[in-house]
Amino acid sequence: MKKLFACLLAMMMVLSLVACSNGGNTDTENTGNDDETKTYTVGMVCIGNSEMAYDRNFYNAADNAKEILAQKGINIEWKYTYDHPEGDPVADDCIELAEDGAIAVFLNSYGMENAMLKVAGDYPDTVFAALTNEGSKSDELENTVNAFPSIYEGRYLAGVAAGMKLNEMIANNEITEEEAVLGYVGAYTYSEVVSGYTAFYLGARSVCPSATMLVEFIGSWGDPAMEATTAQDLIDRGAVIVSQHSDSTTPATTCQQNGKYHVGYNISMTDVAPDASIVSSTIDWTNYFVYVIETIVNGGTVAQDYIGYGLKTGDVKLTELNEAIAAEGTKEAIDAAADAISNGSLMVFDTSKFTVNGETPTESFIDMNADFTPDDTNAISDGYYHESFYKSAPSFDLRIDGITLINEAY
């Protein structure tokens, strides 16, 4: 009898513990305790390393995304591969990260996508996101996507800052109106670069109508020595402010050494060029990282193309303005232009604001002189070029008047 009573008592205690455990765990059931304790692996294939401003911008966003996701109960661990711009090493990196269990692999530069697409189909449980690319949105693989926030909007604002500085220099008799020459270190003659330097120039000219610009290409996304040499050449040719679509900080330091001014890209360059670098335009990838990872964890489907994200959504920004050297009124001018872009009253590529060989681009002009957007849709309508409207990747490829290309070798 005692044995039976002891057994019954033991069973009642077990059932009571189970009941208490279940009853006290309702919050865990609602939030998903497995996800709260699980750490997801997320990979990134990087064109460079921490020495390059371009890559540092991605690492900063990755850190921010990790913190935001943790607040949502999603824990992640980033794994990186470095210094692989294209080809078989990129494919090997994708395989390595997928086999390490990565739920997503981000490739951080143009040129990596082809290698990624060769192996992505073998790892259907991993989402591969080709950043600043455009092929994944239209391939046959369900686990490949691409993204490119509207950086041309930020470039325009950076140009406003440059134009305000030109005006100040003219007013102070440091230069004449004819000497309001901008320089631009460009990577390649791809639409991405053409769109960026044109937006920068239009922003500058919106406040300084006499501005002209020299563009010199280096044939590389990032080559610190060549970037410095090219910036020096632009200065020697008369540029008083130099900007860039290249990955290092050497254009900034070259301007610092020459007593000229600079507008950067990706990260603030004020720390290395405090007397030269006014501001930088940048893509903040934080929102996209959070969106992709959170969507995967919650069992959703990641959009094939990240269209329509820019200043208004916080995916495109300017770094903190270097007030010590920026012209008076620069912040106000930038804010006004940003508001106008965000509310749609200012179109960066308003065709009434530029010409090509003396002509104002029209729909018939674009038919004869420029590439089409997807499905042969004409990008010019309603008086402006619809950049990053039909696809996230830039397509603007017109060579407008006022900009002189020193070389077109790349």
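## Side-chain pairings and their surroundings

Modeller: Arg237 and Asp233 are joined through their side chains by a salt bridge, with 2.8 Å from N to O. The coordinates belong to a predicted model. Arg237 has a relative accessibility of 47% and is classed as partly exposed; Asp233, at 23%, is also partly exposed. Side chains of opposite charge can pair when their charged atoms come close.

A second salt bridge is made by Lys331 and Asp335, whose closest N and O atoms are 2.8 Å apart. Here the two residues both sit in helix 12 (residues 330–343), four residues apart, or about one turn of the helix. Lys331 is partly exposed at 44% relative accessible area, and Asp335 is partly exposed at 34%.

Across the whole structure the search gives eight salt bridges. One of them pairs Glu294 with Lys72, where the closest N and O atoms are 3.5 Å apart. That distance counts because the cut-off for a salt bridge is a nitrogen within 4 Å of a carboxyl oxygen. What parts of the chain does the pair Glu294 and Lys72 link? Distant ones: Glu294 belongs to helix 11 (residues 286–297), while Lys72 is in the loop between helix 4 (53–71) and strand 2 (75–81), and the two are 222 residues apart. Glu294 has a relative accessible area of 23% and is partly exposed. Lys72, with 44% relative accessibility, is partly exposed too.

Strand 2 also contains Asn75, which is partly exposed at 24% relative accessibility. The C-alpha atoms of Asn75 and Tyr40 are 6.2 Å apart in space, although 35 residues separate them in sequence.

Next come the aromatic rings. A pair of aromatic rings is described by the distance of the centres and the angle of the planes. The structure has 29 aromatic pairs. In one of these, Tyr59 and Tyr80 are arranged edge-to-face, with 5.2 Å from centre to centre and 80° between the planes. Because Tyr59 lies in helix 4 and Tyr80 in strand 2, the pair ties together parts that are 21 residues apart in sequence. Tyr59 is buried at 12% relative accessible area, whereas Tyr80, at 23%, is partly exposed. Phe389 and Tyr390 form another pair: the ring centres are 4.9 Å apart and the planes stand at 85°, so this pair is edge-to-face. Tyr390 has 30% relative accessibility and counts as partly exposed.

The charged end of Arg155 is placed over the ring of Tyr265, at 3.8 Å from its centre. Lys165 is over the face of Tyr261, 4.5 Å from the ring centre.

The nonpolar packing gives the background. In soluble globular proteins, nonpolar side chains tend to be buried together. The largest nonpolar core in this model comprises 117 residues, and Phe106, Tyr197, Tyr288, Phe289 and Ile293 have the most contacts inside it. Helix 7 (residues 151–171) supplies the largest share of this core, 12 residues. Leaving aside residues up to four places away in sequence, Phe289 is in contact with Met44, Phe58, Ala61, Ala62, Ala65, Trp78, Phe106 and Leu131. Another core lies apart from the largest one; it has 16 residues, including Ala53, Ile218, Ala231 and Val242.

Is Ser243 buried or exposed? Its relative accessibility is 1%, so Ser243 counts as buried. The residues Ser243 touches, not counting those up to four places away in sequence, are Gly183, Tyr184, Val185, Phe200 and Val263.

Last, the confidence. The pLDDT averages 90 over the chain, and 87% of the residues score at least 70. Over residues 1–33, however, the pLDDT is below 50, and this stretch has two contacts in the model beyond near neighbours in sequence.

Notes:
Residues numbered from 1 in each chain as written. Heavy atoms only, no water. Buried < 20%, exposed > 50% of the residue type's maximum accessible area, 1.4 Å probe, protein only. Phe/Tyr/Trp six-rings, centres within 6.5 Å; stacked < 30°, edge-to-face > 60°. Lys NZ or Arg CZ within 6 Å of the ring centre and 35° of its normal. Contact = heavy atoms within 4.5 Å. Core = buried A, V, L, I, M, F, W, Y, C linked by side-chain atoms within 4.5 Å. pLDDT = per-residue confidence, 0-100.
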